[in-house]
Amino acid sequence: MSAGSKLKLSVRELVDFAARKGDLVQTYQKTPTHLEGIKGHQYVQSLRSEDWDKELTLKHVFELPPYSVTLHGRADLVDQANFVLEEIKTTYTHDIPEHKFSCDLAQAKVYAYMLWQDREKITTVVNYYHLEESSENKRVHSFSSAELLNDINQYLKIIRNILCLIQHN
């Protein structure tokens with residue numbers, strides 16, 4: 001990749017790589033199948049009013065010289081009127097490891113910034129929907145758009161530094 005290059009990444013790819021915290025050694029946990037995840041998402045989305053946007057496609061270009069990075073993804077639930085973004089994660093456990101939560105929260109933060117770049121208060125919700133119990137465990141956090149941008153820039157700098165290392169080798 002040459003200087004001035006354009007890079008396209010999904011938000012999930014970015015945060016899985018650059019926002020991971022905690023224990024990097026993953027222990028086995030039963031995980032939902034793709035179909036179970038879709039059904040869980042649809043169920044949680046059906047619980048929200050019609051005022052909420054569902055599966056909102058997002059795209060934003062970040063300039064990180066010498067790269068132009070296009071991030072894209074789909075936000076699960078968005079309440080535009082109240083500046084709330086909800087990211088749904090289906091699960092079979094109540095014990096969410098720190099490394100998973102850090103990536104899930106980072107994903108919600110990036111989506112929130114992509115939606116609202118000039119807000120003093122944006123609320124992100126990471127909602128772990130337990131499939132066997134049909135229960136929601138919501139982790140709610142509030143940020144300013146400036147705080148979100150600071151975090152995103154940190155994630156992007158990690159990517160840029162790796163690209164620069166690769167380019168020089």
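Guide: The largest cavity is lined by T91, T93, H94, I96, Y128, H130, S135 and N137. This is a predicted model, in which local features need pLDDT of at least 70 and side-chain atom pairs count only at pLDDT 80 or more, while totals for chains, interfaces and linings use all residues. Residues are numbered from 1 along each chain as its sequence is written, and side-chain values use heavy atoms, with hydrogens and water left out.

Visitor: What makes this space a cavity, and what makes a residue part of its lining?

Guide: On a 1 Å grid over the protein atoms alone, a cavity is a set of points where a 1.4 Å probe fits but cannot get out, and a lining residue has an atom within 4 Å of a point. Volume is the space filled by probe spheres set on the points, which are joined across faces, edges and corners; for the largest cavity that gives about 40 Å³. The structure holds 1 cavity of 30 Å³ or more.

Visitor: How does the lining of the largest cavity divide by class?

Guide: There are 2 nonpolar, 6 polar and no charged residues. Ala, Val, Leu, Ile, Met, Phe, Trp, Tyr, Cys and Pro count as nonpolar, Asp, Glu, Lys and Arg as charged, and the others, Gly among them, as polar. β5 and β6 each supply at least two residues of this lining; such element names come from DSSP runs, numbered from the N terminus, with helices (H or I) of at least four residues and strands (E) of at least two.

Visitor: What makes a space a pocket instead?

Guide: A pocket is an open set of points with protein on both sides within 12 Å along at least five of seven lines. The largest pocket holds about 920 Å³ of space. It has 36 lining residues, and H41, I88, K89, T90 and K100 are the closest to its centre. α1 (11–18), α2, β3, β4 and α3 each give two or more residues to this lining, with α2 giving the most, 6 residues. By class, the lining has 10 nonpolar, 16 polar and 10 charged residues.

Visitor: Why is the contact between E86 and R48 called a salt bridge?

Guide: The rule asks for a side-chain nitrogen of Lys or Arg within 4 Å of a carboxyl oxygen of Asp or Glu. The closest N and O atoms of E86 and R48 are 2.7 Å apart, so the pair qualifies. E86 sits in strand β4 (residues 84–91) and R48 in the loop between α2 (34–46) and β2 (53–64), 38 residues apart, so that distant parts of the chain are linked. The structure holds 9 salt bridges.

Visitor: What makes F83 and W116 an aromatic pair, and which kind?

Guide: Rings of Phe, Tyr and Trp (its six-membered ring) pair if their centres lie within 6.5 Å; planes under 30 degrees apart are stacked, over 60 edge-to-face and the rest tilted. By this rule there are 3 aromatic pairs. F83 and W116, at 5.5 Å centre to centre with 85° between the planes, are therefore an edge-to-face pair. F83 lies in the loop between β3 and β4, W116 in the loop between α3 (98–115) and β5 (122–130), 33 residues apart. W116 is buried because its relative accessible area is 5%.

Visitor: How do you know that R119 sits over the ring of F83?

Guide: The test wants NZ of Lys or CZ of Arg within 6 Å of the ring centre and within 35 degrees of the ring normal. R119 lies over the face of F83, 3.7 Å from the ring centre. R139 has its charged end over the ring of F101, 4.6 Å from the centre.

Visitor: What makes the backbone of E55 and S134 stand out?

Guide: Most residues other than glycine have a negative phi. Phi of E55 is near 55°, and S134 has a phi of about 50°. S134 is in the loop between β5 and β6 (135–143).

Note on methods. Buried means under 20% relative accessible area, exposed over 50%, partly exposed in between (1.4 Å probe, protein chains only).
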